[in-house]
Amino acid sequence: MSIPFIDLKSQYLNHKTEIDKVIQNVLDHGQYIMGPEVKKLESALSEYIGTKHCLTCSSGTDALLLALMTKKLKSKDVVLTSPFTFFASAESISLAGATPAFVDIDKNTYNMDPSAIEATIEKVKRQNLNPVGIMPVDIFGIAADYDLINHIARKHNLFVIEDAAQAFGAKYNNQKACGLAELAATSFYPAKPLGCYGDGGAVFTDNTDLYDQLVSLRVHGQSISGDKYNNIQIGLNARMDTIQAAILLVKLEHYDTELKLRNSVAEQYNYYLKDFVKVPFIPEQQSSVWAQYSIMVPDRAKVVNALQNKNIPTAIFYPLPVHLSGAYKHLYYQSGDFPVCEEVSKHIISLPMHPYLSETQIKETCETLISAL
Ligand SMILES: *Cc1c(COP(=O)(O)O)cnc(C)c1O
């Protein structure tokens, strides 16, 4: 038996007729850039999340960058983020001209630990730098603790940008991830819970002034109203392709059904594994969109090998915390700076997760894993 880690082929085959048709439509009308599907998708996405505005763009990284660029960051500005994330979270802060500062994570959710934020703010100030914002990451498909984070941010006059690249639509109280901060960014990279067939992303906000800025920044800092060739600021070329928008419109229709299937996969994993390993923790009033199903195991190499011998793939997110990556050597972080994050990095492992995993595949994965422990 061979199990795909993420089964994009089955998903395509399930919706093939619809997807082929909408791609053909784009080929027929020929508006490859900013065609009508783009606006239609933006309306559908903002309606799904419950924000006033949505602006699609070329990737999750560009979505983060666009959101950060609205804040006009300066070289002494610092944005707090999680060290337990994909590199792009911190990278986008650097690209926007500021410096990331890291906050350790909670040992249960693996998201930014709100109780560690204020110590980081004080530390940044002692270095004569300006803390200006917080960018929590909704890791593995579960939203960070925005009630607390937004509260701390207000107290210290900081902005909050939600990195919801892994958590599009995850429930948080009566709201959804992508709508939990002033600005939120998500990714439609194919392997994300809602993926297109290339790169894609989106920014969400309720603030119309920020939205106008995003519209300008997405296309070379173009004028917000008026002269197309009198650019008012430095921007990007960060549009979403019309074909990707057309594909996402179809996939969004099926998203809630796929989330139910992902949930059922996670429940089955939990059933087999909960007495043997630390299974994912979901806080009260929240749900996960299961970007990953990740567990903690004592001897990870042994588990990886046992599963590999049965052709069952695993992945490690993330083996190296961002504060210890080569690109941030100049910030002089050391092993031991963020002990929870570093410990999780050593023991975390993600199992195959997609809506089309069969009960037999899940059972075999779990049995193999348990006998390796
Ligand atoms: C995937 C991801 C990104 C970047 O998204 P891309 O579409 O790949 O650019 C940013 N942050 C997190 C947490 C991610 O998982």
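A residue counts as buried under 20% relative accessible area, as exposed over 50%, and as partly exposed in between. Asn173, with a relative accessible area of 30%, is therefore partly exposed. The structure described here is a predicted model. The protein has 373 residues, and 54% of them count as buried. Its secondary structure comes to 13 helices and eleven strands.

**Overall shape and surface**

- A compact globule of 373 residues would have a radius of gyration near 21 Å, and the protein agrees with this because its own value is 21 Å.
- Along the principal axes, the C-alpha trace spans about 65 × 60 × 35 Å.
- Among contacts with a separation of 6 or more, 70% are accounted for by residues 24 or more positions apart.
- The accessible surface comes to about 16400 Å², and carbon and sulfur atoms make up 51% of this area.
- Leu27, Tyr32, Ile33 and Met34 make a nonpolar surface patch of about 370 Å².
- Ile33, one of the patch residues, sits in the loop between α2 (16-29) and α3 (36-49).
- The relative accessibility of Ile33 is 48%, so Ile33 counts as partly exposed.

**Aromatic pairs**

- The whole structure contains 20 aromatic pairs.
- One of them joins Phe84 and Phe140 edge-to-face, with 5.8 Å centre to centre and 90 degrees between the planes.
- This pair links distant parts of the chain, 56 residues apart: Phe84 is in the loop between β2 (77-81) and α5 (88-95), and Phe140 is in the loop between β4 (130-135) and α7 (146-155).
- Phe84 and Phe140 are both buried.
- Phe140 also pairs edge-to-face with Tyr110, at 6.1 Å centre to centre and with 75 degrees between the planes.
- Tyr110 lies in the loop between β3 (99-102) and α6 (117-126), while Phe140 lies in the loop between β4 and α7, so this pair ties together parts that are 30 residues apart in sequence.
- Tyr110 is buried, as is Phe140.
- Elsewhere, ring pairs link Tyr48, Phe168, Phe188, Phe204 and Tyr255 into a cluster.

**Salt bridges**

- The structure holds six salt bridges.
- One of these joins Glu42 and Lys39, whose closest N and O atoms are 3.6 Å apart.
- Glu42 and Lys39 are separated by about one helical turn, because they are three residues apart in helix α3.
- Glu42 and Arg218 are both buried.
- Another salt bridge is formed by the side chains of Lys155 and Glu118 (2.9 Å, N to O).
- Lys155 in helix α7 and Glu118 in helix α6 are 37 residues apart, and their pair links distant parts of the chain.
- Lys155 is exposed, with a relative accessible area of 58%, while Glu118 is partly exposed at 28% relative accessibility.
- Through shared partners, salt bridges join Lys39, Glu42 and Arg218 into one network.

**Backbone features**

- Most residues other than glycine have a negative phi, and most peptide bonds are trans.
- The peptide bond from Phe317 to Tyr318 is cis, and its omega is near 5 degrees.
- Tyr318 is placed in the loop between α11 (300-309) and α12 (339-347).
- Asn173 is not a glycine, yet has a positive phi of about 50 degrees.
- The loop between β6 (171-172) and β7 (175-176) contains Asn173.
- Gln285, also a residue other than glycine, has a positive phi near 65 degrees.
- Gln285 is found in the loop between α10 (255-273) and β10 (293-296).
- With a relative accessible area of 53%, Gln285 is exposed.

How values were computed. Residues are numbered from 1 along each chain as its sequence is written. This is a predicted model: local features need pLDDT of at least 70, side-chain atom pairs count only at pLDDT 80 or more; totals for chains, interfaces and linings use all residues. Side-chain values use heavy atoms; hydrogens and water are left out. Patches are made of residues with over 30% relative accessible area and no salt bridge: like charges are joined within 9 Å, nonpolar side chains (Val, Leu, Ile, Met, Phe, Trp, Tyr) within 5 Å. Accessible areas come from the Shrake-Rupley method with a 1.4 Å probe; for residues, only the protein chains shown count as cover. A salt bridge is a side-chain nitrogen of Lys or Arg within 4 Å of a carboxyl oxygen of Asp or Glu. Helices (H or I, at least four residues) and strands (E, at least two) are DSSP runs, numbered from the N terminus. Buried means under 20% relative accessible area, exposed over 50%, partly exposed in between (1.4 Å probe, protein chains only). The radius of gyration is taken over C-alpha atoms; the globule rule is 2.2 Å times the number of residues to the power 0.38. Contact means heavy atoms within 4.5 Å. Rings of Phe, Tyr and Trp (its six-membered ring) pair if their centres lie within 6.5 Å; planes under 30 degrees apart count as stacked, over 60 as edge-to-face and the rest as tilted.
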